Amino acid sequence: MNQSLRAGWPTLAIMLGASVWGVVWYPLRMLAALGVTGTVASAATSAAGCAFVLLLRRRSIATVRWHGVLPLLGLAAGVTNLGFVWGSIHGEVMRVLLLFYLTPAWTALFAHFILGERLTWSGAALSALSLAGAVLMLWSPTLGVPLPGNAAEWAGLAGGMGFAMSNVLVVKTSRVLPDMKPEMRTAVIFGGAAVFSACAAGFEPMAAAPAGHLLTRAALLVMALGLVLASNNMIVQYGLARVPANRASIIMLFELVVTALTSWLFAGEVPGPREWAGGGCIVLASLLSSWLHRTRTAPARRDDDDLVAADDIEDIDADYSGAAGSSPRGHRNGARAMV
């Protein structure tokens with residue numbers, strides 16, 4: 001295979017992953033139109049993704065050992081997933097996603113208290129820049145209070161906090177359970193999202209459950225989403241194993257471009273000046289965070305055509321690497337079970 005073409009596959013894999021996450025809100029709204037609530041959709045698709053990972057990587061199940069950090073990781077992933085899913089269905093997609101992208105602010109705090117990492121002035125400044133973007137985006141001349149304006153935006157904010165906590169807990173898990181295969185951490189993330197959303201489903205009434213051919217269509221869509229998202233997870237892992245963390249996190253911001261385009265095409269949602277300005281601050285904070293926390297070691301590579309196995313790569317789980325700014329040592333520790 002041509003060397004330059006082969007070198008471009010990891011970047012393409014990450015861009016593909018970002019594109020999938022940027023468009024996944026649309027099939028979620030399709031499920032909602034069929035009568036499937038956001039909580040049920042989150043639970044069903046996450047369960048399908050977990051089952052797919054366990055079946056595909058069943059030999060790795062033996063590496064799982066009990067530790068108290070696992071249910072915490074599952075809970076954080078559940079908040080992440082449900083916040084994104086519910087917010088995307090009921091709110092303006094771009095605003096929800098930008099609130100989700102406040103992860104540099106939350107990750108710096110969580111890493112300080114949970115991992116004992118020193119909170120530097122640069123980290124505090126990036127957190128302030130990220131939060132300033134949210135304030136700029138949310139400030140209303142009539143209300144005067146820069147808070148989320150509806151439940152969907154609160155869900156996006158909570159999802160971003162859950163994502164930041166997931167990033168930190170993945171690193172924690174890799175430390176306390178070093179022999180546990182990365183794909184099993186992915187299974188915990190999907191499984192936790194499924195259980196958390198299933199519990200939350202009891203608090204969200206379903207007006208009219210799909211029946212007949214609508215039920216069949218909804219079931220097929222759920223299974224397809226689970227398969228696509230689990231496969232997408234592994235594709236992104238392949239890319240993250242071969243691309244420096246700081247570069248990967250910048251590529252992942254392509255998700256915002258895809259989301260902006262698809263929300264305009266499919267939902268007619270056009271961000272206003274305040275959304276562009278606030279979003280610019282949030283994106284800038286993510287870019288600077290990835291630059292400050294860039295990896296100091298080269299990624300694992302091979303010169304032949306064989307793929308480096310995912311279980312040979314340490315601390316790779318699912319999604320962003322430095323985008324969340326979670327670790328000064330450049331851990332590739334993103335953990336995202338969408339949806």
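In what order do the elements of the protein run from the N terminus on? I opened the predicted model with that in mind, and I read the order as α-α-α-α-α-α-α-α-α-α-α-α-α. My count for the protein gives 13 helices and 0 strands. I then looked up burial, and found that 54% of the 339 residues count as buried.

**Entry: helix 4 and helix 8**

I turned to the pair formed by helix 4, residues 69-90, and helix 8, residues 151-176, and noted that the two pack at an angle of about 155 degrees, with their axes 7 Å apart. Since angles over 145 degrees count as roughly antiparallel, I recorded helix 4 and helix 8 as therefore roughly antiparallel to each other. The crossing of these two helices is left-handed. I also looked at which residues make up this contact, and they divide into 17 nonpolar, 9 polar and 1 charged.

**Entry: helix 8 on its own**

I checked the length of helix 8 against expectation: at 1.5 Å a residue, its 26 residues should span 38 Å, and because the end C-alpha atoms are 36 Å apart, I noted that the two values agree.

I placed A108 in helix 6, which covers residues 103-114. Is A108 buried or exposed? Its relative accessibility is 14%, so I count A108 as buried, the cut-off being under 20%. I also looked up A108 together with M165, and noted that 57 residues separate them in sequence, while their C-alpha atoms are 9.9 Å apart in space.

**Entry: helix 12**

I repeated the length check on helix 12, residues 254-267, where 14 residues at 1.5 Å each should span 20 Å; the end C-alpha atoms lie 19 Å apart, which agrees. Which residues of helix 12 are buried? I listed E255, L256, V258, T259, A260, T262 and S263. Just after this helix, I noted that G268 takes a positive phi of about 65 degrees.

From that list I followed T262, which lies in helix 12, and which is buried because its relative accessible area is 8%. I then asked what lies 3.3 Å from a polar atom of the T262 side chain, and found the backbone oxygen of G22 there.

How values were computed: Residues are numbered from 1 along each chain as its sequence is written. This is a predicted model: local features need pLDDT of at least 70, side-chain atom pairs count only at pLDDT 80 or more; totals for chains, interfaces and linings use all residues. Side-chain values use heavy atoms; hydrogens and water are left out. Axes are lines fitted to C-alpha atoms, for helices over the stretch in contact, and angles run from 0 to 180 degrees between N-to-C directions. Helices (H or I, at least four residues) and strands (E, at least two) are DSSP runs, numbered from the N terminus. Angles under 35 degrees count as roughly parallel, over 145 as roughly antiparallel, 65 to 115 as roughly perpendicular and the rest as oblique. A crossing is left-handed if the near helix is turned anticlockwise from the far one by less than a right angle, and right-handed if clockwise. Ala, Val, Leu, Ile, Met, Phe, Trp, Tyr, Cys and Pro count as nonpolar, Asp, Glu, Lys and Arg as charged, and the others, Gly among them, as polar. The expected span of a helix is 1.5 Å times one less than its number of residues. Buried means under 20% relative accessible area, exposed over 50%, partly exposed in between (1.4 Å probe, protein chains only). A polar contact is a pair of N or O atoms within 3.5 Å; within protein, one must be able to donate a hydrogen and the other to accept it, and residues adjacent in sequence count only if both atoms are side-chain atoms.
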